[in-house]
Amino acid sequence: MQTSVVPESIRTFIPPHPDPAPENLSRRQLASLMRTNNIRVWSQRAYEEEVVVRRFFGRSSVLFNAPEAIRHVLGDHPESYGRTRATLRILKPRLGEGLFTSEGPAWRHQRRTLAPAFTPRSVELLIPHIRSATAEMIGSLAAAEKKRVDLFPIIQRLALEIAGRTMFSLEMGRHGSALRDQIMRYGQRLGRPHLLDFVVPIGLPTPYDWARAWFRRGWIRLIDQIMAERLKAKTHANGPRDLLDLLMAARDPESGEGYSPSQLRDQIATMILAGHETTAVALCWSVYLMAHLPEVQERIAHEAAAMLPDSGAEPPLSKLTYTRAALDEVMRLYPPAYVIVRAARQPDEVAGVAMKPGDLAIISPWLLHRHRKRWHEPDAFIPERFLPSAPAVDSFAYLPFGVGPRVCIGAHFALTEATLVLAELIRSFRIELVTSRPVLPIAVVTTQPDHAPLFHLRPR
Ligand code: HEM
């Protein structure tokens, strides 16, 4: 259990969250909640116990909250636990055979090939794109006449703009709305799990699979079009300038192979989708929580004013320690990826539970990060937990980016982007809430806010 690290002077703030579900939900209620809000399927036991076993459509679905069990599944035996049928059905039409959806030797080849594009040195190359897009957003917010700002959609557009610029060095003016349109359309219907996704074997297409295949044609056309435009504008003169350059130059260190055009397209789709929505969600929850906490904003503004150069020089991100701690705490309370699910590929035993092939291992950052036995005041917002002076946090108990060989490849990039955007935004404005209706999380693909509150931004 983490001991208290809250300074006496800071009042404890408990951000809104749904009550646990009743103990005895029916199968029908469970299936419906899985389509509409996964967080609401868990009863109080899931926040208190180490293992919770359920039967779901003839299979065991086992929630693991014990760090040793999580280490076993995600860290030590990744080859025994793969992506589930429903995950592949839902994600492949958008991500194709990219890193997220591949397994076995194909995954290993892709991971080795991609890794150099996501090292801290490579991410540094992308910082000017992040800063330019953020400065433009702040400029237009400062120039706007309106007193009330619908900040969440603005943050979502910024995250997509950053994904576009870091990937293609292209401003997303021309393509942003088409990309957003396709992403939203898919997310609202086909991107949600249906009963058939769980029960029909993967080789047998369901009506949803047909609709997803149809969607894929338009999606591929759009990504190909953006890539073609970028390649026309390309000059190699000054070395790589974006992720596309890095991916085109990427070679498997063992075989020396690079990517074919269709593999390149699938990686690009994967990076845009896996990266932008998750980072946008982290930022939306950050501004929402900050709006309740003027004293936290003051600390961030102060730190940003001292540490962030106005332009040009590289920002020393490692010195934005308080901003980063606040972000870590936001992602503890509202982890953008609320659950990580694996299907057992072979018989195994974990934490005393016998797993049969097809059984599901569920690791939920949402539950783990609020587990009653692991955290002091689990529902309270306390950034001090993550300051360098606090006791180290167990990486099998706090895992917004997953853990083990399939840990998020974009984690450093996402943290760089979110820390910079948050610091720049709060250095420029005092953020206040106009509306008082509590914002609650809805988890279908990511942990989304249930509505977009209005904010008041006061220039500093
Ligand atoms: C706050 C932002 C982000 C969060 C919370 C997040 C979270 C995660 C999590 C939890 C996983 C592990 C899933 C699993 O084990 O099944 C993951 C994997 C992945 N993420 Fe992220 N992610 C974020 C940003 C990004 C960004 C910016 C990129 C790329 C530009 C990215 C690309 C990926 C990819 C490709 C994988 C699959 C890795 C593999 O299977 O080897 N993510 N992410």
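A word on confidence comes before anything else: pLDDT is the predictor's confidence in each residue, on a scale from 0 to 100. This is a predicted model, and local features need a pLDDT of at least 70, side-chain atom pairs count only at pLDDT 80 or more, while totals for chains, interfaces and linings use all residues. Residues are numbered from 1 along each chain as its sequence is written.

The protein chain has an average pLDDT of 89, and 95% of the residues score at least 70.

Two strands pair if DSSP finds at least two bridges between them. An open sheet is formed by 5 strands, ordered E1-E2-E8-E5-E3, with mixed pairing. Its edge strands, each pairing on one side only, are E1 and E3 (81–82).

At the E1 end, strand E1 (residues 51–56) runs antiparallel to strand E2 (residues 59–64), and 6 bridges join them. Val51 has Phe64 in E2 as its bridge partner, and Val52 stands opposite Leu63 in E2. The hairpin of E1 and E2 has 2 residues between the strands, and Phe57 there takes a positive phi near 50°.

Now the ligand. Which of the 22 residues around the ligand come nearest? They are Gly275, Thr278, Gly402, Cys408 and Gly410; a residue counts as near a molecule if its C-beta atom, placed from the backbone, lies within 6 Å of it. Two elements give two or more residues to this shell: helix H11 (261–291) and helix H15 (411–428). H11 supplies the largest share, 7 residues.

By class, the shell has 14 nonpolar, 6 polar and 2 charged residues. Ala, Val, Leu, Ile, Met, Phe, Trp, Tyr, Cys and Pro count as nonpolar, Asp, Glu, Lys and Arg as charged, and the others, Gly among them, as polar.

Last, Cys408. This residue sits in the loop between helix H14 (365–368) and H15. Cys408 counts as buried because it has 20 C-beta neighbours inside 10 Å; the cut-offs are 20 or more for buried, 12 or fewer for exposed, and partly exposed in between. Leaving aside neighbours within four places in sequence, Cys408 is in contact (C-beta atoms, placed from the backbone, within 7 Å) with Phe401 and Gly402. An unreviewed UniProt entry places the feature "binding site" at Cys408; such annotations may be inferred rather than shown by experiment.

Note on methods
Helix = DSSP H or I, 4+ residues; strand = E, 2+ residues; numbered from the N terminus. Contact = placed C-beta atoms within 7 Å.
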